[in-house]
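Let's take a walk through this model, one set of links at a time. Have the viewer open and follow along.

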Amino acid sequence: QVQLVESGGGSVQPGESLRISCAVSGFTLDFYAMGWFRQAPGKEREGVVCITSSFGDGNIYYSDSVKGRFSMSSDTAKNTVYLQMNSLKVEDTAVYFCAALPYGSRCGPRSVDHWGRGTRVAVSS
């Protein structure tokens, strides 16, 4: 059974950092291109970070809004992916979802095969 379970969300102030995790079961990380999406109140779900290639060449898509601040990593021994979020802004407030999508897919919600339930990140002063 495929499961993606996010954790680590919380409330922080602008400029602070936060790392959220996604524990995966039911498949190994290299089977899918993993990604992180978010949905802010009243807005559509959007792709934040997605692995784009299966060749281990480090090709990762970052949305313009998070480029230079967010980074994605993984621990294959733990079958877990992480999203490190630095210099957080109020506009980063959203529910963050871990997702599994086919390699080569566009980093969009319609490409996703499996979703986690999400973890809430709130940035406010």
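A search of the whole structure turns up two disulfides. Keep in mind as you look that this is a predicted model.

Start with the bond between C22 and C98, where the S to S distance is 2.1 Å. C22 sits in strand β3 and C98 in strand β9, so this bond ties together parts of the chain that are 76 residues apart in sequence. Which hand does it have? The torsion about the S-S bond of C22 and C98 comes out at about -80 degrees, so this disulfide is left-handed. As for solvent, C22 has a relative accessible area of 0%, so it is buried, and C98, at 0% relative accessibility, counts as buried too.

Now find the other disulfide, which joins C50 to C107 with an S to S distance of 2.0 Å. This pair also links distant parts of the chain: C50 belongs to strand β5, while C107 is in the loop between β9 and β10, 57 residues apart. The torsion here is 65 degrees about the S-S bond, and the link of C50 and C107 is right-handed. Both C50 and C107 are buried. If you number the bonded cysteines of the chain in sequence order, the pairing reads 1-3, 2-4.

Strand β9 covers residues 94-101, and it is mostly covered, with eight of its eight residues buried. Who are its neighbors? Strand β4 (residues 33-39) pairs with β9 in the antiparallel sense over seven bridges.

Next, pick out the nonpolar packing. The largest nonpolar core has 28 residues, and those with the most contacts inside it are M34, W36, M85 and Y96. Where do its residues come from? β3, β4, β5, β7, β8, β9 and β11 each supply at least two residues of this core. For a closer look, click on M85: leaving out residues up to four places away in sequence, it touches E16, S17, L18, I20, R69, F70, Y96 and V121. Apart from this core lies another, of nine residues, including F37, C50, F97 and V112.

Side chains of opposite charge can pair when their charged atoms come close. A search of the whole structure finds four salt bridges, and R38, E46, R69 and D92 are linked in a network of them. E46 is partly exposed, with a relative accessible area of 33%, whereas R38, at 6% relative accessibility, counts as buried.

From R38, carry on to D92: their side chains meet in a salt bridge at 2.9 Å, N to O. This pair links distant parts of the chain, with R38 in strand β4 and D92 in the loop between β8 and β9, 54 residues apart. D92 has a relative accessible area of 0%, so it is buried. D92 also forms a salt bridge with R69, and here the closest N and O atoms are 2.7 Å apart. D92 lies in the loop between β8 and β9 and R69 in the loop between β6 and β7, so this pair ties together parts that are 23 residues apart in sequence. R69 is buried, with a relative accessible area of 10%. R69 also takes you back to the packing, as one of the residues that M85 touches.

Notes
Residues numbered from 1 in each chain as written. Predicted model: local features only at pLDDT ≥ 70, side-chain atom pairs only at ≥ 80, totals over all residues. Heavy atoms only, no water. Buried < 20%, exposed > 50% of the residue type's maximum accessible area, 1.4 Å probe, protein only. Helix = DSSP H or I, 4+ residues; strand = E, 2+ residues; numbered from the N terminus. Pairing = 2+ DSSP bridges. Core = buried A, V, L, I, M, F, W, Y, C linked by side-chain atoms within 4.5 Å. Contact = heavy atoms within 4.5 Å. Disulfide = S-S within 2.5 Å.
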